[in-house]
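This briefing is intended for a reader new to the structure shown below. It treats the interfaces between chains, and then single chains and residues.

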Amino acid sequence: MTRRRAERIALNTTGVLVFLVMIFPVYWMVSTAFKPGIDVQTFTPKWFPHPATLSNFTDAIHRPYFWQDVKNSVFVVCVVVALSAVLSFLAALALARFRFYGRKAFIVLIIAVQMVPLNALIIPLYIAFSNAPGGTQVNKLTGVVVAYLTFVLPFCIWTLRGFVMGIPQELEEAALVDGCSRFGAFVRILLPLVAPGLVATSIFAFIQAWNEYIIAYVFLSSPEKQTLTVWLANFTTNRGTAWGSLMAGATLTALPVVAFFVIVHRKIAFGLTAGGVKG
Amino acid sequence: MKIRLVAATIVAVALAVAASTASGASKATSITVWLQNDAQNGWADTVAQATKDFQKEHPGGNVDVHYQTWTDHLTKFDATIAGGNAPDVIELGNTETTKYMANGVFADLSAQKSSFPNSGTWLKGLKDSCTYQGKLFCVPYYTGARAVIYRKDFYAKAGIKGTPTTLSAFVVDNQKLMKKYGKDANFSAFYFPGKNWYASMAFVYDWGGKIATTRKGKWVGTLDSPQAITALTTLKSIVKSTSRASLTTDESHPYPSVVFAKDKVASFVGNGWEWPYTLDPKVGNPALADVMGAYPMPSHVKGRYMPTFLGGSDLGIPVTSKNKDLAADWIKAFTSTSAMTQIAKAGNIPNTTTLLKVNAADPKLAPFAEAAKFTWFIPVTPNWANVENANVLQNMLVNIFTGKQSVKAATTAASKQITSILNASA
Amino acid sequence: MSAETGLRVAAEPTLLSARRRARLTRGAAPYALLAPATIVVGAVLGYPLYLLVQLSFQKYGLPQLLTHHGEWTGLSNYTRILHDSQFWHVLLRTVTFTAANVSLTMLFGTLIALLLARLGSFMRLLLTTGLVLVWATPVVVSVNVWLWMVDYEFGVLNWTLTKLHAGNFVHHDWFANTLSGFGVITAVVVWGAIPFVAITLYAALSQVPEELHEAARIDGASFVQVFRFVTMPLLKPIFIILVSLSIIWDFQVFNQVWIMRDGRPTNDYYLMSIYSFVESFRVSEYGLGSAIALTMVLVMLVVSFFYVRQMVRAGEAE
């Protein structure tokens, strides 16, 4: 009893310590967002924003195109997350549950694609997009959506394949015996069990699409079509950076990611109960 | 069966999405202008007014102004050149233009030069950055000069009367300041980051030295000349005795004005626009308004100022533009006398000497306009960009200030490197 | 490996498994499942990748960008790289940097994942939310915040170390020495990479039936033994994926160095991605930059060969 308790205390203390170390830079960002300009950098650290101000936030929100760019970012992210989840789940099934000609080559290709540095692809990708068969994809959100989709798909397929492989095949076998169609078996049995994996890859896709900068900057020109990261970059000029407003903007853009996570995190907890089913 | 259904749904969704966001075709009379976001944050009204003036001449002419960031605008520019949809007008920094001029990216404007407003009185420093092999490839936009920004109250309390007019007086004054305030480990009488090569080269040019020169059609690095060595030795002793800035950062990390706003710096070499920036409540300290002053950096020769580097911007028309005439007309509207007056009032030095009086009338701008009378500029050759890319000057300065190398050894190594980079075949 | 297959083998008669293999081999189903993803990736990346390879055999500078036609120069870009002593220095530095970052990321990521699995639900939510916050912070912003923390004049780190009497860190310049500079960069990279690794590993851990752990513990296995013989084998597929991904990502680290070195890193801070970027976008030698990028891919394939092979084989062990 006491040993259990000591263990719990030790675990919780470690948890709190890890939390503090990890969160500190984020805290520094958020607290800067509440500091007046003169307090952003000080010789003696100001641990708390005192006096605190909301002017950085009002300044950030009132910058041109904020809400338009929020809309654009939300659109891009929703489409990327939804499509990547569906496409990668299907592909992961194929790779984890079937053996077929070309399977190895496909896996190697998917790994190799991720090794190409993004910066080296900017020019070739731009050439390809501006000469796309169905009309130029430059300065269009769809172009950026498709680009992000290809960047996250290899990762999602690959990760999901690992999750699918971790699930005993006997479960689908049982469903097949019970008279389900094969696809039905996949959807009814596998999907809930792969949920934690899907959540993990969705968070990944969400954050990648939400935070990507250079492709969005180069490919989207019109201010009304840009995403939030490009909007954020406008806080930095040759005359210096309005750090307080920038941090306020960054805090605002990080919020949706956290909200998304809090919404889906139950799925991770759900994974725990799913584990029980398996055993 | 169901798989096919899912696939079909995905395709349908993708198509619907594509259709919903597809934009209308661009009009033939529309031009795209790329300006840096300094304009967006500083003189967006002037930009809007220029477009209005342009539209009086070209009714229905559409101008899309897109603001860019300094860090990535060349990446984007290169990509759009490759993709065949570069803008019709682009703002480039005056140290960025040479590479593009030399490679034929910009349209030759020599024939139309006289049609641009004030083209007879353009600032030489900017005009030079638009001229390659005798031809004009861009239009000067604006510039900034550097001067010493200082704290009047610190100077007064340290017993300094007026502002120094020679370098030796400047050194003496700084010593007084260090004596009075120097016990505070964070205090700098003259805040000078080690990699501030613009301000450092000012010393070299003041002593008559140069970064490089041409001899018999070849470039030769000349930082190891006796003049340059004397200049850099003098600078080293000033930096070591009066500055507590980092020796390994440059003049924008952090901006000296940020440190200046915190009462620990008596003076620094700053650009004209750093004045309002220092007082901006978002980044600086508005309380300093009454105790701030500026004066041109004094030369080691009495009666002169140290030459300043004119860092500025130019406006070019890429050869790929399909509306070069419209583009030129927009530039004319944007560099008109009235537009330039507005830009000058925003704290910049306008592109023409005839408007320097606007700056001279404002005590916050006058010292910088005064300093702009003596200037120096980087060697105009496409390979110069590679000297900057290789950080030759910054490395040399860091080695000198930190004592890793003697002034002689560091300058000799840098000169050699500059010679080899500037003469490399393209 | 053995424990995983052992579990499975124990649960299913070999006869059934042989029958299943035969059934799954035939049919167009796998191709239909793969088609949507393949079409998207192929359509978007196929041509650009072809262009990238083509560029690497060409002289492609600003004049070529304008005319859209490169000059074929055969292997000259590649020979130029291989004869450049800087390339070998940068390569060695990048490999070392990657090894250090991947090991640290995996170590801390695994420890935190294990911690998450044992925490109560409130603490778990707190910690995961913290991790997600870290992950959600745009790199540009987080790198700048780190830059402040280690700042020469205003840094919290220098101030704290001085107050703790760890020495005189007033005006300590963390980037004056390349090793300590890379130490800071490594801290930023690992800090930013931990959330993904920890959350993914935790998700994988949550798939492991708790009964297995309890059974092992009842049998008297220690925590380390349970981890080694029960948890680790089950986590192996995900673990291999995470290691290879970390190798791929850390090999390409760009922003952290670029921003921390003020957008103009000196030679001793060059990593492969920086080297390729500078040759492409600063020097305008796109052919050379592409060749460097492709060489990077080759090196990465070699470095991660072991893991890639493991992954390709993983599906066949059954």
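Chain B and chain A bury about 3,900 Å² between them, with carbon and sulfur atoms giving 60% of that area; buried area is the accessible area (1.4 Å probe) that two parts lose on being put together, summed over both. This is a predicted model, in which local features need pLDDT of at least 70, side-chain atom pairs count only at pLDDT 80 or more, and totals for chains, interfaces and linings use all residues. Residues are numbered from 1 along each chain as its sequence is written, chains are lettered from A and ligands numbered from 1 in the order in which they are written, and side-chain values use heavy atoms, with hydrogens and water left out.

**Interface of chain B and chain A**

- In this interface, 45 residues of chain B are in contact with 42 residues of chain A, where contact means heavy atoms within 4.5 Å.
- One salt bridge is found across the interface of chain B and chain A, the term standing for a side-chain nitrogen of Lys or Arg within 4 Å of a carboxyl oxygen of Asp or Glu.
- The salt bridge between B:Lys282 and A:Asp59 has its closest N and O atoms 3.6 Å apart.
- Between chain B and chain A, 12 residue pairs are in polar contact (both at pLDDT 80 or more); a polar contact is a pair of N or O atoms within 3.5 Å, and within protein one must be able to donate a hydrogen and the other to accept it, while residues adjacent in sequence count only if both atoms are side-chain atoms.
- On the side of chain B that touches chain A, at least two residues each come from α1 (2-21), α2 (37-42), β2 (62-68), α4 (73-83) and α11 (256-260) of chain B; helices (H or I, at least four residues) and strands (E, at least two) are DSSP runs, numbered from the N terminus.
- With eight residues, α4(B) gives the most to that side of chain B.

**Interface of chain A and chain C**

- Here 105 residues of chain A are in contact with 97 residues of chain C.
- The area buried between chain A and chain C is about 9,500 Å², 77% of it on carbon and sulfur atoms.
- A:Met22, A:Arg99 and A:Met115 together supply 9% of the area that chain A buries against chain C, more than any other three residues.
- The count of salt bridges between chain A and chain C is one.
- C:Arg118 and A:Glu7 form a salt bridge whose closest N and O atoms are 2.8 Å apart.
- On the side of chain A that touches chain C, α1(A) provides the largest share, 18 residues.

**Chain C**

- Chain C contains 16 helices and two strands.
- Of its 318 residues, 55% count as buried, which means under 20% relative accessible area, with exposed over 50% and partly exposed in between (1.4 Å probe, protein chains only).
- C:Lys236, in helix α12 (residues 223-251) of chain C, counts as partly exposed because its relative accessibility is 26%.

**B:Arg151**

- B:Arg151 belongs to strand β7 (residues 146-151) of chain B and counts as buried because its relative accessibility is 4%.
- Its side chain makes polar contacts with the side chains of B:Asp153, at 2.9 Å, and B:Asp263, at 2.8 Å.
- Leaving aside neighbours within four places in sequence, B:Arg151 is in contact with residues including B:Phe260, B:Val265 and B:Leu288.
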